[in-house]
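Please look over the sequence and the structure below before reading on. The briefing that follows takes up the arrangement of the chain, topic by topic.

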Amino acid sequence: MVAFPILFAIFAPLKIEEWIKDMENFSELIRLRRSTRKFTDEELTQEQVEMLLRAALMSPSSKRSNGWQFVVVDDKEMLAKLAQCKEAGAGLIAGAALAIVVLADPLVSDVWIEDASVASLMIQLQAEDLGLGSCWVQVRERFTADGIQADEVVRDLLDIPLQLQVLSIIAVGHKGQERKPFDEANLQWEKVHINKY
Ligand SMILES: Cc1cc2nc3c(=O)[nH]c(=O)nc-3n(C[C@H](O)[C@H](O)[C@H](O)COP(=O)(O)O)c2cc1C
């Protein structure tokens, strides 16, 4: 019993320091994160892929309904096909090591768009923390040049059941381009209203 307060006194300050350091790292992480659209050929490790999915599965969701599901694609041919799922803005998927297709079931969560969006961003933040680059590719409400819905294209390619909606594809890989960190001089503070609009 006596040992516990002593041990706590020794280890607690270390824990708090680590926590403060992590928090500083998070502030830095959100400043440095930029969309990556060019990737190197290097593959991801199994551990990295697991970390990305772990972050997705830990995402907060409305009423803890966890209405999302994820399709992980590392097959090069399939990545190239997914890159054609809409008229513009999906081409980068072809060069990524991995694509995580974010799905959600509207019957499980009435706010599935929010749930799936949060999960998409969690994957992106985890990718950045692993030193990887990522880009959100919007699928919902997007179309091919022929007017076919992007989610239908993705659904056919990946055999996604009808009840699931496709929100996004998060492309991940080793960064093949350098992006400038967010310029804090450009923060739109005028969009913030205090107590009243
Ligand atoms: C909802 C959403 C949809 C997006 N869709 C695409 C997309 O289809 N293709 C793409 O290249 N980038 C897409 N992006 C990335 C944005 O273009 C990017 O986040 C924005 O330009 C800001 O740049 P940054 O991420 O480098 O800070 C999307 C981002 C969000 C949040």
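Across which strands does H2 lie, and at about what angle does H2 run to E1? In this predicted model, helix H2 lies across E1, E2 and E4, and the direction of H2 makes about 165 degrees with that of E1. The points below begin with the sheet itself, then turn to the helices, the ligand and the confidence of the prediction.

**The sheet**
- The sheet is an open one of 4 strands, which follow one another in the order E1-E2-E4-E3 with antiparallel pairing.
- Strand E1 (68-73) and strand E3 (133-138) have a single partner strand each and stand at the edges, so one side of each is left without a neighbour in the sheet.
- From one strand to the next, the twist averages 20 degrees.
- The pairing of E3 with strand E4 (residues 165-173) is antiparallel and extends over 6 bridges, and within this part of the sheet Trp136 has Ile170 of E4 as its bridge partner.

**The helices**
- Helix H4 also packs on the sheet, where H4 touches E1, E2, E3 and E4, and the direction of H4 makes about 5 degrees with that of E4.
- Helix H2 (residues 46-57) packs against helix H4 (residues 112-129) at an angle of about 145 degrees, the two axes being 8 Å apart, and the crossing of H2 and H4 is right-handed.
- On the H2 side this contact is made by Met51, Leu52, Ala55 and Ala56, while H4 contributes Ala119, Met122, Ile123, Gln126 and Ala127.
- Sorted by class, the residues of the contact of H2 with H4 comprise 8 nonpolar and 1 polar, with no charged residue among them.

**The ligand**
- The residues that surround the ligand are Arg34, Ser35, Arg37, Gly89, Leu92, Cys135, Trp136, Val137 and Gln138.
- By class, the shell around the ligand holds 4 nonpolar, 3 polar and 2 charged residues.

**Confidence of the prediction**
- The protein chain has an average pLDDT of 93, and 89% of the residues score at least 70.
- Among the elements of the protein chain, the lowest mean pLDDT (70) belongs to helix H1 (residues 3-32), whereas strand E2 (residues 98-104) has the highest (99).

Methods: Residues numbered from 1 in each chain as written. Predicted model: local features only at pLDDT ≥ 70, side-chain atom pairs only at ≥ 80, totals over all residues. Axes fitted to C-alpha atoms, helices over the stretch in contact; angles between N-to-C directions. Helix = DSSP H or I, 4+ residues; strand = E, 2+ residues; numbered from the N terminus. Left-handed = near helix turned anticlockwise from the far one by under 90°. Contact = placed C-beta atoms within 7 Å. Nonpolar A, V, L, I, M, F, W, Y, C, P; charged D, E, K, R; others polar. Near = placed C-beta within 6 Å. pLDDT = per-residue confidence, 0-100. Pairing = 2+ DSSP bridges.
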